[in-house]
Every structure is written in C-alpha cells, then in structure tokens.
Amino acid sequence: MSTAVCSSAFVARPNVAAVRRATAAAAPLRAVAAPRPARAARAAVRVQAAAATASVDELNAQFGKAGAVSVKEGRGGLPTVVLQSSAGATAEITLFGGCVLSWKTAAGKEILYVRPDALFDKSKPISGGIPHCFPQFGPGAIQLHGFARNVDWSLAGASEAGGNPAVTLVLTDSEYTRAMWPHAFKAEYTVSLEGEALHTRLKVTNTGDKPFAFTASLHSYFGVADVETANVRGLQGLEYLDRVADAKHPSVHQELRELVTFRGPVDSVYKAAPSKVSLDNGAGNVVIASQQWPEVVVWTPWTAMEACYKEFVCVENAQATAPVSLEPGASWAATTAMAFASDPLEDFCAGNPEEPECLVYDD
Ligand SMILES: O=P(O)(O)OC[C@H]1O[C@@H](O)[C@H](O)[C@@H](O)[C@@H]1O
C-alpha cells in the first residue's frame, strides 16, 4: 500500500523536543469538570502540576488512577494517556497535539481512524484521531489548522468518578507559538469517558493584556466500513460553504439532503449546525452532540488520498468561519459528547437523562 498518496501538504517544523518528554503546566490550574451523565458521578478533575520534564513513569505516578487512568509510551514512544471506564470503553490521548488517538467501545470497536501515513515522531501533526485545529482553522496566515496539533500539551489533571475517567491537558503560549501568533493564551482540554461515550471540553482563555481572535475545530477522523455507504445525518436545510474547488473562495449552497453521502471529494463547512449530528459508519451510528461548536465540517479527500480515503470520513465540530474574540481574561468553552449506538435516540441518553445535550434526543 502506498502511503505517499494518503498524505496532505504540511510544512513540518524541526523536531525540537525529545519524543519521550512531556512538558507540564508551570502552575496549578483551576479544576475543569467535563460534562457528566449523572450528577452523583460528577467530580472536578483534580489538578496537580507535574515536573517540567516528567517521564511517563513520573506522569503515571502522579496522575494514574488504578484501572481508570494511566500513562504509557504509545506509538513512536509518545507519552499517551489511557482512559478506561468501568463500562469497558477505552480512549487514548497523546500529549503531542492533545490528540485523542483512539476511542473504543466496550466491545472493542475502534470508532476513530488514524491514517496509514500518520507519523509519531513529531515531524508533523498526527494524521488521525481527533487533532486540534487552533488558533486557526484555515486557510489563513499561519500553518494549516494552526499549531495546537503540532506541539506538546501538558498533563494537568486526572480524575475518576463512578467508573468514569477524565483527564485535562493544557497548552499555553510559548516562544514557538508567539512567533507565529503573538498572543498569550491557555487552552484546557478535558477528555472523559462516560460509560461508553467520549466527552470533550475545550476551554480557551486570553491570559494576555490585549484582545485576540481565533478559529478552531476538533478535526475528528472516524473510521467507516466504506466511504460510499457512509452518511451524515442532521445537516439538511443548512447553508454550507463548499471548499473543494477553492478553500479561500468557497461557493455557498444549501444542503437539501437528509443524508449527506460521498461520491467524490467533499470539503464542506455547515453553518449554524444543530447540537446533534450523526455518522452512519456502516456498523452503527456515531452520534455527536455538542454545545458552543456552531459549525460542522465534513471532509473526505477522496482519491487524493487513494490509499485510505475509503476508510474514513472527517466530521468536525468547528468554529471555522466566524472567529471568536476574547478580551483579556475572557474565556470561551465548547463541549462534545460522542456515542456509538445502534439506536442513537435511545442508547446514548437512556443512561444520561440529565445531560443538556440529551434534550435534543427527544426530537
Ligand atoms: O491536515 P489534514 O489532517 O490532512 O486535514 C486537511 C483537511 O482538513 C479539513 O478539516 C479541511 O476542511 C480540509 O480543507 C483540509 O484539506
């Protein structure tokens, strides 16, 4: 299998950090709670500052929770957090890029997708899982999708409550980030498993003394049995930007289809997206509920990535076209809750009736 044809253009930066090192938060952080299914199970992520060059063993000793949270040397030796819920689901998150690399149901089914051309040596962002696009979705002034997927995040907190593990990663500005984006910021990313569901919460704070604006997305890669039978539900009636011909000058359309299917390259930004969309991946439905992510990006490179395009579709929660402006000290936060279900209306919310996003399942 050729992997070269699966690659997309990215200007690599020098591999400046040792792969086995994880940078850590310089100062203790406020606890950040992820959305949880039941109030009794909710607990703030306990936050502790780790040593600046903590090893995997040190991180594990500091943040590990028996049977729920551990840190290992993952692919390429990258420090990788492993979450395991008592329901039997697992998730893996690399500190490099703050990337959710894997999310498996209790039955062991992998929901995410990592491209065969993915590299784990920090020479480029990880091509797969759920990379971040921040502080720029793009195209724009800096590297495509920004730098957050291309730098080490710090492990800042971990918790376990009611069998549900959570971890918080933090990214702050550095000499490297300020060289291309001259702003002081703190991004806090909490990933948790709630039963078998994967939850995320991204919070961005302006820690500087002047306003800034950013765009962002969770660039989620989902595995599909066959791109030609996969479809996305929930986008009908929305205005979308078709970026296939020219991402800088997209054409504007209205989505007429109940099910968005794939018969060629797709690169669409759906505006004013609903709080729930779902992807039929050929084995069931990946339901993606979100709050404060106003857009959904649907992307398949089609035969531009001949070696792998049949195997994945990106459905991204995004703030891609309307920048968020933050005054000094101000914060923005957005959440997702993803579940894999044969019946998205019942399975996900049956155990989570209190969750705000579950209200949308009543439709
Ligand atoms: O950088 P990656 O992971 O190869 O993804 C690139 C693609 O990412 C998508 O989010 C964009 O909508 C596409 O325009 C872009 O080509």
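**Terms and their grounds**

Me: Where is P139 found?
Reply: P139 is found in the loop between β6 and β7. Strands (E, at least two residues) and helices (H or I, at least four) are DSSP runs, numbered from the N terminus. The model is a predicted one, in which local features need pLDDT of at least 70 and side-chain atom pairs count only at pLDDT 80 or more, while totals for chains, interfaces and linings use all residues. Residue numbers start from 1 along each chain as its sequence is written.

Me: What kind of peptide bond leads from G138 to P139?
Reply: The bond from G138 to P139 is cis, with omega near 0°. Another cis peptide bond joins F134 and P135, where omega is about 0°. P135 lies in the loop between β6 (132–133) and β7.

Me: Why is Y176 called partly exposed?
Reply: A residue is buried if 20 or more other C-beta atoms lie within 10 Å of its own, exposed if 12 or fewer, and partly exposed in between; the C-beta atoms are placed from the backbone. Y176 has 14 other C-beta atoms within 10 Å, and is therefore partly exposed. Its place is in helix α2 (residues 175–180).

Me: Why does A272 count as exposed?
Reply: A272 has 11 C-beta neighbours inside 10 Å, so it counts as exposed. This residue lies in the loop between β17 (266–270) and β18 (276–280), and has a positive phi of about 50° although it is not a glycine.

Me: How do you know whether W302 is buried, exposed or partly exposed?
Reply: The count of C-beta neighbours inside 10 Å is 17 for W302, which therefore counts as partly exposed. W302 also has a positive phi, about 55°, without being a glycine. It is found in the loop between β20 (295–300) and β21.

Me: How do you know that the buried residues of α1 line one face of the helix?
Reply: In helix α1 (residues 56–63), V56, L59 and F63 are buried. Seen down the axis of α1, these residues fall within an arc of 60°, so they line one face; the arc is that of the directions from the helix axis to the C-beta atoms. The face turned away from the buried side carries the exposed residues D57 and A61.

Me: What makes β2 and β3 a pair?
Reply: Two strands pair if DSSP finds at least two bridges between them. Strand β2 (residues 69–73) and strand β3 (residues 79–84) are joined by 5 bridges and run antiparallel. V69 stands opposite L83 in β3, and V71 opposite V81 in β3. The two strands form a hairpin with 5 residues between them, and G76 in the turn has a positive phi of about 65°.

Me: What makes a set of residues a nonpolar core?
Reply: A nonpolar core is a set of buried Ala, Val, Leu, Ile, Met, Phe, Trp, Tyr and Cys residues joined through C-beta atoms within 7 Å. Here the largest such core has 95 residues, and V167, F222, V313 and V315 have the most contacts inside it. Strand β21 (residues 312–326) gives the largest share, 7 residues. Two residues are in contact if their C-beta atoms, placed from the backbone, lie within 7 Å. Beyond its neighbours within four places in sequence, the residues in contact with V315 include F222, V277 and L279.
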